[in-house]
Amino acid sequence: MVNDINAQLSKPLQEPSLDVQGFESPRSLMERLAEDLVPLLELAHRPVISARQFNREQLVQLCRLAAKYETEPHRITRPLTGKILISAFYEPSTRTRLSFESAWHRLGGDIMSITDPATTGIAKGESFYDVGEMLNHYGDMVVLRDSNNRAVYEMLEALRIPIVNGGNGTDEHPTQAMADVYTILKAVPQLTDPNSMKASEKIRIGIIGVPGRMRTIRSLLLFLSLFSVGIDELVIISEDQDPFSEGQYKELSEAGLNIRITPDLDKVLPQLDVVYLNAIAWVSDGYEEHGRTYRLDADSPFKPGAVVMHPLARGEELDRSLDETPYNWYFAQARGAVFVRMALLSVLLKSYS
Ligand code: CP
């Protein structure tokens with residue numbers, strides 16, 4: 001199986017047929033990566049709850065598989081034919097639910113989708129454990145989003161099929177962070193091998209948001225810590241003096257990230273290679289807004305070649321004037337999420353295309 005995959009991946013690439021104007025082709029990412037999918041075999045039939053479950057090698061190879069799907073869509077077979085995904089979203093979602101469902105469909109599978117908690121036993125007091133026991137009989141994999149940090153763990157206890165965390169409260173959102181890393185690696189392919197980066201190549205990443213309250217950022221920072229050798233500085237732009245949750249700063253620092261906190265976006269923006277903007281934190285049945293004073297538009301003082309990313313629903317913090325600029329990598333980020341999720345799903349079910 002591994003030899004087959006490696007043989008497939010070593011074939012010369014054709015021109016990407018689905019390239020979107022304004023972002024770098026994933027082709028440059030593929031060309032820089034080692035040809036070895038063995039690390040991914042360890043992920044088969046496992047749940048995906050936290051970014052902590054992945055090492056750098058696995059993450060890079062997942063991105064490589066995603067790049068293969070993105071650059072060679074005509075070669076995608078339908079390896080999930082006959083498999084059923086249970087897409088359980090007890091909290092609103094555009095990107096995560098639809099990109100997971102798109103990914104599953106593109107791999108040939110069928111889907112049962114829950115988009116309203118009031119339509120399941122949860123509305124009658126059924127536990128996530130009991131729902132999980134039922135789901136074992138109905139599908140081959142579950143993607144769950146819920147505002148309660150614990151829900152995914154309760155369901156996991158009963159499940160005998162893999163579950164993927166599609167966002168659990170303020171805790172984690174590992175697959176969004178995979179899509180984020182995929183985007184960053186496309187823009188900075190040398191980060192796939194951070195130990196080989198020269199000092200002048202190391203990048204500075206700015207995160208506008210509150211890592212202690214935002215699940216996307218929490219997971220992304222855990223992934224970025226795997227690449228810390230290639231990251232000169234991680235700048236958290238926040239009005240909060242202590243935007244981290246308990247132990248978070250220490251964990252990330254000990255993993256090698258050089259972290260600075262500043263409230264001054266305009267001052268730091270011209271130094272940033274990657275700018276990641278998140279203004280929403282889902283808490284309970286609603287959301288908190290953070291840092292609405294921070295806004296990016298086409299006139300913001302970006303470093304030439306800067307990459308702007310935004311993982312969530314757009315608010316006033318991200319002006320539409322940026323859409324037509326080369327700084328806009330957020331559409332590529334959303335699009336790449338489909339291919340990263342295809343890679344992850346096929347690896348989890350050991351059904352490579
Ligand atoms: N990235 C993300 O979680 O967006 P959605 O809420 O639209 O799924």
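Predicted model: local features only at pLDDT ≥ 70, side-chain atom pairs only at ≥ 80, totals over all residues.
Start with the charges. Side chains of opposite charge can pair when their charged atoms come close. Here a salt bridge is a side-chain nitrogen of Lys or Arg within 4 Å of a carboxyl oxygen of Asp or Glu. The whole structure holds 16 salt bridges. In the one between Arg 204 and Glu 233, the closest N and O atoms are 2.7 Å apart. This pair links distant parts of the chain. Arg 204 sits in strand β5 (residues 203–208) and Glu 233 in strand β6 (residues 231–237), 29 residues apart. Helices (H or I, at least four residues) and strands (E, at least two) are DSSP runs, numbered from the N terminus. Glu 233 counts as buried because its relative accessibility is 11%. Buried means under 20% relative accessible area, exposed over 50%, and partly exposed in between (1.4 Å probe, protein chains only).

Another bridge joins Glu 70 and Lys 186, at 3.1 Å from N to O. Glu 70 belongs to helix α4 (residues 56–71) and Lys 186 to helix α8, 116 residues apart. Both Glu 70 and Lys 186 are buried.

Now look at helix α5 (residues 95–106). Its 12 residues reach 16 Å from first C-alpha to last, close to the 16 Å expected at 1.5 Å a residue. That expected span is 1.5 Å times one less than the number of residues. The buried residues of α5 include Phe 100, Ala 103 and Trp 104. The buried residues of α5 pack against β1 (84–89), β2 (110–114), β3, β4 (163–168), α8 (174–187) and α12 (330–348). Contact means heavy atoms within 4.5 Å. Just after α5, Gly 108 takes a positive phi of about 95°.

Move to helix α8, where Ala 177 is found. Ala 177 counts as buried, at 0% relative accessibility. Not counting residues up to four places away in sequence, Ala 177 touches Ser 219, Leu 220 and Phe 223.

Next come the rings. Rings of Phe, Tyr and Trp (its six-membered ring) pair if their centres lie within 6.5 Å; planes under 30 degrees apart count as stacked, over 60 as edge-to-face and the rest as tilted. The count comes to 5 aromatic pairs. Why is the pair of Tyr 90 and Phe 128 edge-to-face? The ring centres are 5.6 Å apart and the planes stand at 85°, so the pair is edge-to-face. Tyr 90 lies in the loop between β1 and α5, and Phe 128 in helix α6, so the pair ties together parts that are 38 residues apart in sequence. Tyr 90 and Phe 128 are buried.

Finish at Tyr 138, in the loop between α6 (128–135) and β3 (141–146). Tyr 138 counts as partly exposed, at 45% relative accessibility.

Key. Residues numbered from 1 in each chain as written. Heavy atoms only, no water.
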